[in-house]
Amino acid sequence: MPTAAPSGSLENFAEAHAGANDTPFADKFSILLAKNKDWAAQTYKQHPDLLPQLAVGQHPEILWIGCSDSRCPETTILGLLPGDVFTHRNIANVIHPADLSSGAVIEYAVRHLQVKHIVICGHTKCGGVAAALGNKGLGILDPWLLPLRQLREQHHTELETLPGDEATVKLAELNVREGLKTLKQKSVVLEAIQERGLQVHGMIYDVGSGVLRELDSSEPEDAIKARYASFKTEA
Ligand SMILES: [Zn+2]
């Protein structure tokens with residue numbers, strides 16, 4: 001027996017606004033526009049200065065690097081507003097060292113927006129992580145998920161002993177830690193940590209409870225020293 005759509009969901013809104021002659025596609029499109037008008041009006045009512053101020057410029061303090069998954073909308077789960085979070089999202093929040101897209105976002109956020117925090121966030125039930133733990137060929141997703149398969153190889157024995165869900169969370173954590181490592185191999189990030197106290201955080205978001213958990217990413221002094229010696233470059 002189908003369960004009722006939750007109040008505020010698209011299905012619920014569709015029922016309330018559906019016209020007799022609407023096609024399914026027209027329904028979806030008109031719902032989005034109507035929802036947007038409602039949101040803009042509500043936002044203006046609650047924060048009259050916010051949107052006009054954002055039209056002048058943005059000063060976000062956080063760069064969020066997360067998964068594209070629809071269940072992990074960073075600004076919503078942080079309880080923040082437009083203008084608060086500069087964002088890069090991709091499948092399974094992977095940071096490839098030579099990826100132009102994430103590289104450009106990181107460079108702009110750190111050097112020009114001067115963000116104070118960078119968060120790399122993985123999540124439970126991540127489809128990309130689950131795919132990397134499976135052996136099905138996925139076309140273009142295979143090279144994209146390669147860093148996850150490399151982590152799987154490195155931690156094969158441990159991952160093999162864990163039940164499905166736990167293995168997925170473990171690999172999501174390893175992926176976040178690997179992302180932090182790659183992030184801190186970028187000279188622009190090292191410079192901002194050293195010169196103005198930029199902080200870098202790793203997190204896992206539980207999609208079933210809505211709660212974020214911070215990973216301990218503390219490191220010994222000699223590892224930090226070796227990183228600066230190896231990756232810090234001059235302008
Ligand atoms: Zn995901």
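Predicted model: local features only at pLDDT ≥ 70, side-chain atom pairs only at ≥ 80, totals over all residues.

Trainee: Okay, which residues does UniProt list for "binding site"?

Mentor: The UniProt entry, an unreviewed one, lists Cys67, Asp69, His123 and Cys126.

Trainee: Let's take Cys67. Is Cys67 buried or exposed?

Mentor: Cys67 is buried, because 25 other C-beta atoms lie within 10 Å and the cut-off for buried is 20 or more. Cys67 is part of strand β1.

Trainee: What does Cys67 touch, if I skip neighbours within four places in sequence?

Mentor: Its contacts include His123 and Cys126, both from the UniProt list. Cys72, Arg89, Ile91, Ala92, Asn93, Gly122 and Gly128 are also in contact with Cys67.

Trainee: Then His123. Which strand is His123 in, and is His123 buried or exposed?

Mentor: His123 lies in strand β3. His123 counts as buried, with 25 C-beta neighbours inside 10 Å. Leaving out residues up to four places away in sequence, His123 touches Cys67, Asp69 and Cys72, along with Ala172, Ile204, Tyr205 and Val207.

Trainee: Switching topic: which residues touch the most other members in the largest nonpolar core?

Mentor: Leu63 and Leu148 do, in a core of 37 residues. At least two residues each come from β1, β2, α5, β3, α6, α8, α10 and α11. α10 gives the largest share, 7 residues.

Trainee: What is Leu63 in contact with?

Mentor: Beyond its neighbours within four places in sequence, Leu63 contacts Phe86, Ile106, Ala109, Val115 and Ile118.

Trainee: You mentioned a helix pair. How do α8 and α10 cross?

Mentor: Their axes come within 10 Å and cross at roughly 115°. That makes α8 roughly perpendicular to α10. The crossing is right-handed.

Trainee: And which residues make that contact?

Mentor: On the α8 side, Pro147, Leu148, Leu151 and Arg152. On the α10 side, Leu171, Leu174, Asn175 and Glu178. You've met Leu148 already: Leu148 and Leu63 touch the most other members of the core.

Technical notes. Residues numbered from 1 in each chain as written. Core = buried A, V, L, I, M, F, W, Y, C linked by C-beta atoms within 7 Å. Buried ≥ 20, exposed ≤ 12 C-beta atoms within 10 Å, placed from the backbone. Helix = DSSP H or I, 4+ residues; strand = E, 2+ residues; numbered from the N terminus. Contact = placed C-beta atoms within 7 Å. UniProt positions renumbered as here; feature names shortened; annotations may be inferred. Axes fitted to C-alpha atoms, helices over the stretch in contact; angles between N-to-C directions. Parallel < 35°, antiparallel > 145°, perpendicular 65-115°, else oblique. Left-handed = near helix turned anticlockwise from the far one by under 90°.
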